[in-house]
Amino acid sequence: MKVFERTLLLLQNLVKNSIDKIGLFGLWFVIVGFMLSGCGNKTKTKEASYLTIKGSDTMVHLASNWAENFMKAHQGIDISVTGGGSGTGIAALLNGTTNVCIASRKIKSKELNLAEEKGIYPKEIVTARDGIAVVVNPENSVNTLSLEQIGKIYTGAYTNWKQVGGLDQQIIVLSRESSSGTFVFFQKRVMNKKDYTQDAMLMPSTAAIIQSVSQDKWAIGYVGLGYATEAKDRVRMLSVRDADSPTIVPSIAAVQAGEYAIARPLYFYTNGEPIGVVRQFVNYVLSNEGQKIVLETGYVPIN
Amino acid sequence: MINWREKIIQLLLVGAASASILIVLLIFLSLGKEALPFMSDPGIGRLLEYRWIPVSFKREVFGIIPLITGSVLVTILATGLMIPFGVLGAVYIAEIAVARERAFLKPFIEIMAGIPSVVIGFFGLVILNPVLKEVFQLKTGLTALSGAILLALMAIPTVISISEDAIRSVPKSIKEASLALGASRLQTIFRVVVPAALPGIIAAVMLGIGRVVGETMVVLMVTGNAAKITFNPVDSVRTMTATIAAEMGEVAFGSDHYQALFWVGIVLLVITFTLNYIAQKVLNRYRMK
């Protein structure tokens, strides 16, 4: 029975992975509007319009969930969501090839200058938050680490659990692949922009990290808060302590309050104040219903 | 009339044959075109460093040596597993098994060849890795050995099928002569039949190695992908194929990293070409005899 459950879970992960991968390669991801307008009542399509969303792979899944639900409520509006990375999305906004850019980082000043040259005024809207949980095997006795300690583990300065108050066991360092935005975010936020240790194992997906941490007693990894919460019977989240602030247990509330250190906002960028259909969509995303989807997708709502 | 038809057929055949040459040439050209700027800008010497750190806030390092040693280690281990299982399996099926056994074994082995690599990868992640961890008392099952076992599993059907054909095509007269001279059945198999079939067996093994070197999904899933230079079978390695697969999707077009990945592709291509070349040489030498 246990084996059966595990197989099922793996299949789920497989599907999730393939969705991740499709996003990664920047393929067209959502073409739902097509289907919906096909089955809907065609005489009703008065507000027919087309909206493109492009950017961060972290947000592709979330954005397509928003788009799907928005299109269900608004007949005749077609939305297409594409990944490719935050940089790609911002470039598309500057070139006028997308209505909305999704980004898991702030726009850079260099990009802002370029935007001004092109007569585009990116308007920033925080639409959700993303917390990154540091996870270990449930059998590991370590409960709390400081940001500095986590950084030292990932740069290879610490290689044994006893250096951070655990047992005399070698640390197995698990990370996402270097193509992941989370890889870079973690490097910047936790590792002081230093390089990862060469012993760090780069896993192709979040599911693979959770799988390995649940199997390997002395492993450490980082995954999105949503994933970690979902897998809380297989991996344990560490509480994190920033320089002199108190120890914070990662949770949705802590991320919302800005207390948990390893978190980042997820942005929309539009050209100027959003108007028309874009405005409608942004309003929907910020509404209670839109924020409920944030929670369901595994991210943190803004309020 | 017949002449005219023959001409068309000949033309079609020439076209088909040269199309593949053309495609290979185009692959080489396009790889070279994307990789070339790397030679002057960061400099080709950057590829010979001992670490692979393509994403860094300090200094990006594109040393492909750890990736090469990773691929080499996995390939050697897989080949070591593949030869005994593949060749002995083929000998059994071709020489010893009775017709009913053969009718049962052959289709199963052929089905094995058709299992998608991602399925084998999941099998490795969930079943093989924990077993290896127990057996060798490791901290983690994400090792080169795990990748090698799975790759051997994927290559064995190829090796068995082709070796078996080679063994069965050994003329019956040679075998009968050996038996008539008083050699036992085992002596006949290993001293007469297998040596006679050796060119075919070597070709089979070379094809198997080709599959192992080029396989991507399985190694990406189970070897841990840590880019370090090691020859320890129970250490984690990052192979060239896994590196290209994992990083190509997100890399900025035309960047140093992008070009470095094309260099990895070129090295991979050169290795498989060399392997094929050696296989041809070996085959020719045995044919001469």
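**Questions on chains A and B**

Colleague: In what order do the elements of chain B run from the N terminus on?

Modeller: This is a predicted model, in which local features need pLDDT of at least 70, side-chain atom pairs count only at pLDDT 80 or more, and totals for chains, interfaces and linings use all residues. Residues are numbered from 1 along each chain as its sequence is written, while chains are lettered from A and ligands numbered from 1 in the order in which they are written. Chain B has 11 helices and two strands, where helices (H or I, at least four residues) and strands (E, at least two) are DSSP runs numbered from the N terminus. Read from the N terminus on, the elements of chain B come in the order α-α-β-β-α-α-α-α-α-α-α-α-α.

Colleague: How many residues of domain 2 of chain B are in contact with domain 1 of chain B?

Modeller: Chain B is divided into domain 1 (2–40) and domain 2 (64–288), with bounds that come from an automatic or database domain assignment. The C-alpha centres of these two domains of chain B are 29 Å apart. If we count contacts (C-beta atoms, placed from the backbone, within 7 Å), five residues of domain 1 of chain B meet residues of domain 2 of chain B, and the number on the domain 2 side is eight.

Colleague: Which element gives the most to the side of domain 1 of chain B that touches domain 2 of chain B?

Modeller: Both α1 (2–35) and α2 (37–43) of chain B supply at least two residues of this side. By class, the side has four nonpolar, no polar and one charged residues, where Ala, Val, Leu, Ile, Met, Phe, Trp, Tyr, Cys and Pro count as nonpolar, Asp, Glu, Lys and Arg as charged, and the others, Gly among them, as polar. With three residues, the element that gives the most is α1(B).

Colleague: At which residue does helix α8 of chain B bend?

Modeller: Helix α8 of chain B covers residues 185–214, and its buried residues (20 or more other C-beta atoms within 10 Å of their own, placed from the backbone) include B:Ala197, B:Gly200 and B:Ile201. The bend is the angle between axes fitted to the seven residues ending at a residue and the seven starting there. In α8(B) it comes to about 60 degrees, with the proline B:Pro199 following within four residues, and the place of the bend is B:Leu198.

Colleague: How many residues does chain B bring to the contact with chain A?

Modeller: On the side of chain A that touches chain B, α1 (2–24), α7 (181–189), β7 (201–203) and α8 (206–215) of chain A each supply at least two residues. That side of chain A has 14 nonpolar, nine polar and six charged residues. The contact takes 29 residues from chain A, and from chain B the number is 28.

Colleague: Why is strand β4 of chain A described as largely enclosed?

Modeller: The strand runs over residues 122–136, and it is largely enclosed by the rest of the structure because the buried ones among its 15 residues number 11.  Strands pair if DSSP finds at least two bridges between them, and β4(A) is joined to strand β8 (residues 219–224) of chain A by five antiparallel bridges and to strand β12 (residues 263–271) of chain A by nine antiparallel bridges. The reason for the description, then, is the count of buried residues, 11 of the 15.

Colleague: Which residue of β9(A) is the bridge partner of A:Val135?

Modeller: Strand β9 (residues 236–237) of chain A runs antiparallel to β4(A), and two bridges join them. A:Val135 also stands opposite A:Gly221 in β8(A), whereas in β9(A) its bridge partner is A:Met237.

Definitions and conventions
Contact = placed C-beta atoms within 7 Å. Buried ≥ 20, exposed ≤ 12 C-beta atoms within 10 Å, placed from the backbone.
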